Amino acid sequence: MTYSGAVKVGGPADVHELADLMISKVAVGEMNNNAYLLRCRATGEQLLIDAAAEADTLLHLIGDDGIASVLTTHRHGDHWGALQAVVEATGARTYAGEHDAEGIPVPTDVLVADGDTVTVGRVTLTARHLVGHTPGSIALIYDDPHGHPHVFTGDCLFPGGVGNTWGDPKAFARLLDDVEEKLFARLPDETWVYPGHGNDTSLGAERPHLAEWRERGW
């Protein structure tokens, strides 16, 4: 089946099968958060991105193999609502951005800085620190050696714009600057974008609108 990235709360996960990595996307919670389970095809090790809500749903997705780690993209509560329960059930290591970890009430085992790497089995992802939606949001980039890159953006980039900065022009400018410099300037149009809510997109689909976003201010 072809992966679309279109999921809904209470519905099944959608699975993106890559050569070295399987990415399962599920929607959970009242705010329709996306959670992503990454599985190394060579080793079976798994990493969860955002234990947002509905611990039972996430644990069912994880299955009997468990997870080695869980990364929280940022400090907002709708992205860590099930984190404590998932960690207690799996014993997973916790990762979060070094500037957001203090806002997450579950202890962070590994503080992540810009350019740090996070591994799942034999697969390596690179973290990018993006400021504006929160002080320490983290995007994770998987540069697939067999294809194009994939980036998990949390709430920093969506179809149609960057994340909410609540009318703060300085925060908006910083977030758009970071997204342009660390994602659009470094990655090709084919890069698949997995956001924290809603449908997926690509950098190529969004790139023509960057000037428009800057002009409108949100």
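Strands are DSSP runs of E with at least two residues, and helices are runs of H or I with at least four, both numbered from the N terminus. The legends below describe close-up views of a predicted model.

**View A. Threonine 153 in strand β11.** Threonine 153 is part of strand β11. Its relative accessible area is 0%, which makes threonine 153 a buried residue, given that buried means under 20%. Beyond neighbours within four places in sequence, threonine 153 is in contact with Ala139, Leu183, Val193, Tyr194 and Pro195.

View B. At the start of the helix, a side-chain oxygen of aspartate 168 comes to within 3.0 Å of the backbone nitrogen of lysine 170.

**View C. Packing of helices α1 and α2.** Two packed helices are described by the angle between their axes and the distance between the axes. For α1 (residues 55-62) and α2 (residues 83-90), the angle is about 40° and the axes are 9 Å apart. Angles under 35 degrees would count as roughly parallel, and 65 to 115 as roughly perpendicular; α1 and α2 are therefore oblique to each other. Their crossing is right-handed. On the α1 side, the contact is made by Ala55, Leu58, Leu59 and Ile62. Ala85, Val86, Ala89 and Thr90 make the contact on the α2 side.

View D. In α1, the buried residues are Ala55, Leu58, Leu61 and Ile62. They cover an arc of only 125° around the axis, so they sit on the same side of α1. An α-helix has 3.6 residues a turn, so residues three or four places apart point the same way. The buried residues of α1 pack against β2, β3 (33-40), β4 and α2. Asp56 and His60 are exposed and sit on the face turned away from the buried side of α1. Glycine 63 follows α1 and has a positive phi, near 80°.

View E. Leu83, Val86 and Val87 are buried in α2. Seen down the axis, the buried residues of α2 fall within an arc of 95° and therefore line one face of the helix. What covers them includes β4 (46-49), α1, β5 (69-72) and β6 (93-97). Glu88 and Ala89 are exposed on the other side of α2. Ala89 is also one of the residues in the contact with α1. Glycine 91 follows α2, with a positive phi near 70°.

**View F. The loop between β4 and α1.** Two residues other than glycine with positive phi are shown here, aspartate 50 and glutamate 54. Aspartate 50 lies in the loop between β4 and α1, and its phi is near 70°. At 2% relative accessibility, aspartate 50 is buried. Glutamate 54 also lies in the loop between β4 and α1, with a phi near 55°. Glutamate 54 has 32% relative accessibility and counts as partly exposed.

**View G. The surroundings of lysine 25.** Lysine 25 lies in strand β2 (residues 21-28). Lysine 25 is buried, with a relative accessible area of 0%. Its side chain makes a polar contact with the side chain of aspartate 200, at 2.6 Å. A polar atom of the lysine 25 side chain is also 2.9 Å from the backbone oxygen of glycine 198. With neighbours within four places in sequence left aside, the residues in contact with lysine 25 include Tyr3, Gly5, Val7, Ala13, Asp14, Asn34, Ala35, Tyr36 and Asn199.

**View H. Histidine 148 in the loop between β10 and β11.** Histidine 148 lies between β10 (137-143) and β11 (149-154). Its relative accessible area is 26%, and the residue is partly exposed. The histidine 148 side chain reaches the backbone oxygen of glutamate 190 at 3.3 Å. Not counting residues up to four places away in sequence, histidine 148 touches Tyr142, Glu190, Thr191 and Trp192. The C-alpha atom of histidine 148 is separated by 26 Å from that of alanine 51, a residue 97 residues apart along the chain.

How values were computed. Residues are numbered from 1 along each chain as its sequence is written. Side-chain values use heavy atoms; hydrogens and water are left out. A polar contact is a pair of N or O atoms within 3.5 Å; within protein, one must be able to donate a hydrogen and the other to accept it, and residues adjacent in sequence count only if both atoms are side-chain atoms. Axes are lines fitted to C-alpha atoms, for helices over the stretch in contact, and angles run from 0 to 180 degrees between N-to-C directions. Angles under 35 degrees count as roughly parallel, over 145 as roughly antiparallel, 65 to 115 as roughly perpendicular and the rest as oblique. A crossing is left-handed if the near helix is turned anticlockwise from the far one by less than a right angle, and right-handed if clockwise. Contact means heavy atoms within 4.5 Å. Buried means under 20% relative accessible area, exposed over 50%, partly exposed in between (1.4 Å probe, protein chains only). The arc is that of the directions from the helix axis to the C-beta atoms.
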